[in-house]
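Student: I have a new structure to read. Where should I begin?
Tutor: Open it first, then we will take one feature at a time.

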Amino acid sequence: MEPLTSKKKVLEQKPLTFAERMYLPAIMKGMSITISHFFKKEATIRYPEVEREFSTNFRGMHSLKRDEDGRERCTACGLCALSCPAEAITMIAAERKPEEKELYREEKYAAVYEINMLRCIFCGLCEEACPKEAIYLDGPIVPADYLRKDFIYGKDKLVEAPLEKK
Amino acid sequence: MDISFVIEKFILVAIIFGISLLIAMYSTYAERKVAAFLQDRLGPDRAGPFGILQPLADGVKMFMKEEIVPANSSKWLFMVGPGLAMLTACIGTAVIPWGSPVTIGGRIIPLQVTDINVGILYIFGVVSLGVYGVMIGGWASNNKYSLLSAIRAASQNISYEIAMGLSIIALLLVTGTMSLKEITEQQHGWHWNVLYQPVGFILFMVCAFAETNRAPFDLPECETELIGGYHTEYSSMKLGFYLFAEYINMFVSSAVMATLYFGGYNYPGMDTMAVWLGPTWAPLFGTAVFFFKIFAFIFFFMWVRWTIPRFRYDQLMHLGWKMLIPLAIANIIVTGLVIAYIEKF
């Protein structure tokens, strides 16, 4: 068959020269290459102790945000759960009582808000769907665990730390 | 022969045995670390600081694993194989002079278990027995891969033993003795045999690589062709013994190379050091130097393993029979002529 390109290169096999048959020069060359790597800095990042710097648009663990007064922004509208392609989010809504005004921004809030981290695919659609800017995937990598039930993260793990009292 | 002599030898044997096991243990760790550093990685670093407890963890793992004996194997030989490999690996250390005699409390204690006058031949005998562990294990497994590997190991070891023996003959022409103790004493200071026998040393080292089944001559256990090699069917601590025996072999052949060619416990400027340190500490310092040489060789073994790809089997045989043996014979002839010339004039 005619070659389709002109890039074909015919390799000719020459018999090994005497120096090549001695093996030793080539071995020495190879060993000098490997020993130079011995003193190079390794590329490994010791993960649990040292964390790689994430890019600005990295999507990690979710966090439920608070507003400037320290009240939870989430109003349990359910749009995040609806948008979630992996059906990882569930929530139970509750009505805010008058004395809870300091805690929740809207009159309705999420009493239970759970994300199953094994189902979540970190696509960020919940973040885009949220009308209240309440959920962001701005956390670190979700850590490993031993039991499936421990991957269902509730509000205790998701909600941002409260603002410090002035 | 008094009782203190027996006790003294017993302690020495126990120490040497312990040290060779310890070194074999940490060779597995060092191998993984060296491999990692040569490949820009970190290596094991989780068990203890820098991972120094890794060998212990590996040992525990080996003991905890299920022991499987194949149904159609020859049970007795299957059990004997790893034990024999371990035994032959360990007894080689008996004739190696670890240091010049130490004076402790007026007693002069030689740091060598026994100084037999055919030390080199003893080493050869033990090394050639080493292949039996591999052969018996491979045959008793009743597995085609194991058998193939055992055959490979046998023919490889026999082929390279010839070149090894011939390279030693040239050394014997120079030293005129087979006692390892005397050979070491002759290399006092910097008169190391490698300066008189460079070709012989390279031949001996290549053969030592082949004898210990180390890369690039690790054909008996090449994973890509033979699954695991002769220990394919082995599990638990029996497998551990085989792997361990390989590292002890490496230690022993490093020690032999350091003794025969690199002056053993001799180092330049040892006479001034002997005056300075006194009769107790100077020999021990010499022993430390000897161990430094051994570690350097072990590092070299590992460095080679992570650099050079494995030989093809026909290349291995070609190298052994058509290159190393003629070269070794030529080396003998040249050495003999030079010695005859020096003695004549």
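Student: In what order do the elements of chain B run from the N terminus on?
Tutor: Keep in mind that this is a predicted model. The elements of chain B run α-α-α-β-β-α-α-α-α-α-α-α-α-α. That makes twelve helices and two strands.

Student: What is the mean pLDDT of chain B?
Tutor: The mean is 85, and 99% of the residues of chain B reach 70 or more. For the complex, the predictor gives an ipTM of 0.72 and a pTM of 0.81.

Student: How do I read the overall shape? What radius of gyration does chain B have?
Tutor: Compare the value with the one for a compact globule. With 345 residues, such a globule would have a radius of gyration near 20 Å; chain B has 21 Å, so the two agree. Along the principal axes, the C-alpha atoms of chain B fill a box of roughly 65 × 50 × 50 Å. Of the 345 residues, 43% count as buried.

Student: How many of the contacts in chain B join residues at least 24 apart?
Tutor: Take contacts between residues at least 6 apart in sequence. Of these, 80% join residues at least 24 apart.

Student: Now the strands. How do strands of a sheet pair?
Tutor: They pair through backbone hydrogen bonds, in either a parallel or an antiparallel way. Here, strand S1 (residues 99–104) and strand S2 (residues 107–111) of chain B pair in the antiparallel sense, over four bridges. Look at B:Thr103: its bridge partner in S2(B) is B:Ile108.

Student: What do S1(B) and S2(B) form?
Tutor: A hairpin, with two residues between the strands. In the turn, B:Gly105 has a positive phi of about 55°.

Student: In what order do the three strands of the open sheet in chain A come?
Tutor: The order is S2-S3-S5, with antiparallel pairing. S3(A) and S5(A) pair in the antiparallel sense over two bridges.

Student: Where do nonpolar side chains tend to be in soluble globular proteins?
Tutor: They tend to be buried together. In this model, the largest nonpolar core has 79 residues. Those with the most contacts inside this core are B:Phe204, B:Cys207, B:Ile248, B:Phe251 and B:Met257. H10(B) gives the most to the core, with 16 residues. Another core lies apart from it, with 17 residues, among them A:Leu64, A:Tyr104, A:Ile115 and A:Cys130.

Student: Which residues does B:Phe251 touch?
Tutor: Leave out residues up to four places away in sequence. B:Phe251 then touches B:Ser20, B:Ile23, B:Ala24, B:Ser27, B:Ile294 and B:Ile298.

Student: Is B:Gly269 buried or exposed?
Tutor: Count neighbours to decide. B:Gly269 has 10, so B:Gly269 is exposed. This glycine lies in the loop between helix H10 (236–261) and helix H11 (270–305) of chain B.

Student: How far apart in space are B:Gly269 and B:Ala215?
Tutor: They are 36 Å apart, C-alpha to C-alpha. In sequence, 54 residues separate the two positions.

Student: Last, the interface. How many residues of chain B are in contact with chain A?
Tutor: Ten residues of chain B are in contact with eleven residues of chain A. By class, the side of chain B that touches chain A has six nonpolar, two polar and two charged residues.

Note on methods:
Residues numbered from 1 in each chain as written. Chains lettered and ligands numbered in written order. Rg over C-alpha atoms; globule rule 2.2 N^0.38 Å. Buried ≥ 20, exposed ≤ 12 C-beta atoms within 10 Å, placed from the backbone. Contact = placed C-beta atoms within 7 Å. pLDDT = per-residue confidence, 0-100. Pairing = 2+ DSSP bridges. Nonpolar A, V, L, I, M, F, W, Y, C, P; charged D, E, K, R; others polar. Core = buried A, V, L, I, M, F, W, Y, C linked by C-beta atoms within 7 Å.
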